[in-house]
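Below is a short report on one protein chain.

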Amino acid sequence: MSHVKDVLTRLKGGAITAQEAGAEIRRIDDGVSDGVSPLAATHKRMAASLPDRADDTTFLEVTAAWIGGDLTDEDCWTIYGAVTGTRKGTPMKLTTAQHDRAAGVLLATAAGDALGVPYEFATPPPPGVEAAMTGGGLGNFAPGEWSDDTSMAIAIARVTATGADLTTAGALYRIAEGFLEWHRSNPPDVGIQTSSVLQSTRTRLTGGAERAGRVMAEEAAGYSAARSHSAGNGALMRTAPVALAHLDDRGRLAQAARAVAELTHGDPLAGDSCVLWCEAIRVAVLEGRFAVTAGLDLLPGERRDAWQ
């Protein structure tokens with residue numbers, strides 16, 4: 001009997017819950033010890049759709065158990081969710097206005113970035129003169145071209161679009177891989193801290209034995225520990241898509257905002273800024289109001305006063 005079938009047998013016998021079964025399958029004997037899905041060979045093409053994984057033994061066994069009546073629909077989807085890092089259940093229903101605001105989150109991120117490119121570390125337009133997407137900036141960008149901030153936001157948005165729970169190791173792995181793929185393309189400009197963390201992560205991963213998300217977070221934590229000032233705004237500038245992943249759960253959103261920030265920015269203040277901004281976006285999308293301090297209660301008590 002395979003490891004997966006053994007887990008499913010114990011689930012059927014009532015020895016473990018479906019959530020426990022899914023968590024155990026994630027850790028099954030493949031040499032991975034950090035709780036990330038063991039399906040390393042298919043992680044490159046991980047997506048929300050199960051057909052992409054139909055050739056994988058684990059999913060064949062789970063699906064066969066479901067078809068054979070050994071798993072209920074609920075248990076089957078709970079296991080899939082635990083293994084892949086995607087959430088079971090139906091997506092949150094949004095009104096037309098809420099959909100428009102959610103789309104605006106992504107559009108405004110890119111447009112605002114492209115508008116600000118010419119003025120980064122430069123003189124802003126004087127009073128009475130409108131800002132313009134003239135390009136240039138630190139990366140000699142083309143007019144209307146966005147910077148590293150939106151490029152990294154896109155990597156997050158792609159994972160968000162799969163319905164993933166961004167607090168899971170699997171989702172963070174996929175975001176980290178997206179960051180690295182972008183970094184390998186030799187972008188014209190990358191923030192100093194982000195560049196350092198991504199480059200050191202790439203160096204550590206040359207052996208192929210470690211997980212991108214975990215390694216990246218460790219490198220970010222090390223960068224912050226070695227410096228007294230490392231709460232840069234790089235994580236904040238790309239965080240908008242995180243809010244769209246957890247519009248229905250502000251507590252989980254706060255966890256996700258901090259976890260994604262910590263991939264490159266280990267200073268807790270950088271994480272705080274992302275928690276506050278993501279909650280502000282969540283409130284804006286759902287309620288149509290701007291409340292930048294709405295997430296103060298989601299921060300550790302000892303740091304709330306600093307953000308008042």
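Contact here means heavy atoms within 4.5 Å. By that criterion, and leaving aside neighbours within four places in sequence, S230 is in contact with Q193, Y223, S224, H265 and D267.

The model is predicted: local features need pLDDT of at least 70, side-chain atom pairs count only at pLDDT 80 or more, and totals for chains, interfaces and linings use all residues. Residues are numbered from 1 along each chain as its sequence is written, and side-chain values use heavy atoms, with hydrogens and water left out.

**Overall fold**

The chain has 13 helices and zero strands. Helices (H or I, at least four residues) and strands (E, at least two) are DSSP runs, numbered from the N terminus. Of the 308 residues, 46% are buried. Buried means under 20% relative accessible area, exposed means over 50%, and partly exposed lies in between (1.4 Å probe, protein chains only). Take the contacts between residues at least 6 apart in sequence: 60% of them join residues at least 24 apart. The accessible surface is about 15100 Å², and carbon and sulfur atoms account for 55% of it. Such areas come from the Shrake-Rupley method with a 1.4 Å probe; for residues, only the protein chains shown count as cover.

**Helices α7 and α8**

Helix α7 spans residues 169-184 and helix α8 spans residues 192-204. They pack at about 95°, with axes 10 Å apart. Axes are lines fitted to C-alpha atoms, for helices over the stretch in contact, and angles run from 0 to 180 degrees between N-to-C directions. The pair is therefore roughly perpendicular, a label for angles of 65 to 115 degrees (under 35 is roughly parallel, over 145 roughly antiparallel, the rest oblique). On the α7 side, F179, L180, W182, H183 and R184 make the contact.

Neighbours within four places aside, A176 is in contact with A212, G213, M216 and L263. T264 is 88 residues away from A176 along the chain, yet their C-alpha atoms are separated by 9.3 Å.

S230 lies in the loop between α9 (212-225) and α10 (234-237). Its relative accessibility is 2%, so S230 counts as buried. E279 lies in helix α13 (residues 268-287). E279 is also buried, at 2% relative accessibility. Beyond four places in sequence, E279 touches R250, L253, A294, G295 and L298.

Both residues make side-chain polar contacts, listed below. A polar contact is a pair of N or O atoms within 3.5 Å; within protein, one must be able to donate a hydrogen and the other to accept it, and residues adjacent in sequence count only if both atoms are side-chain atoms.

| Side chain | Partner side chain | Distance |
|---|---|---|
| S230 | S224 | 3.1 Å |
| E279 | R250 | 3.1 Å |
| E279 | R282 | 2.8 Å |

**Positive phi**

Most residues other than glycine have a negative phi. Which residue in the loop between α5 (96-116) and α6 (148-160) is worth a look? F121 is in that loop. Its phi is near 55°, a positive value. F121 counts as exposed, at 78% relative accessibility. N186 has a positive phi of about 55° and is not a glycine. N186 is in the loop between α7 and α8. At 65% relative accessibility, N186 counts as exposed.
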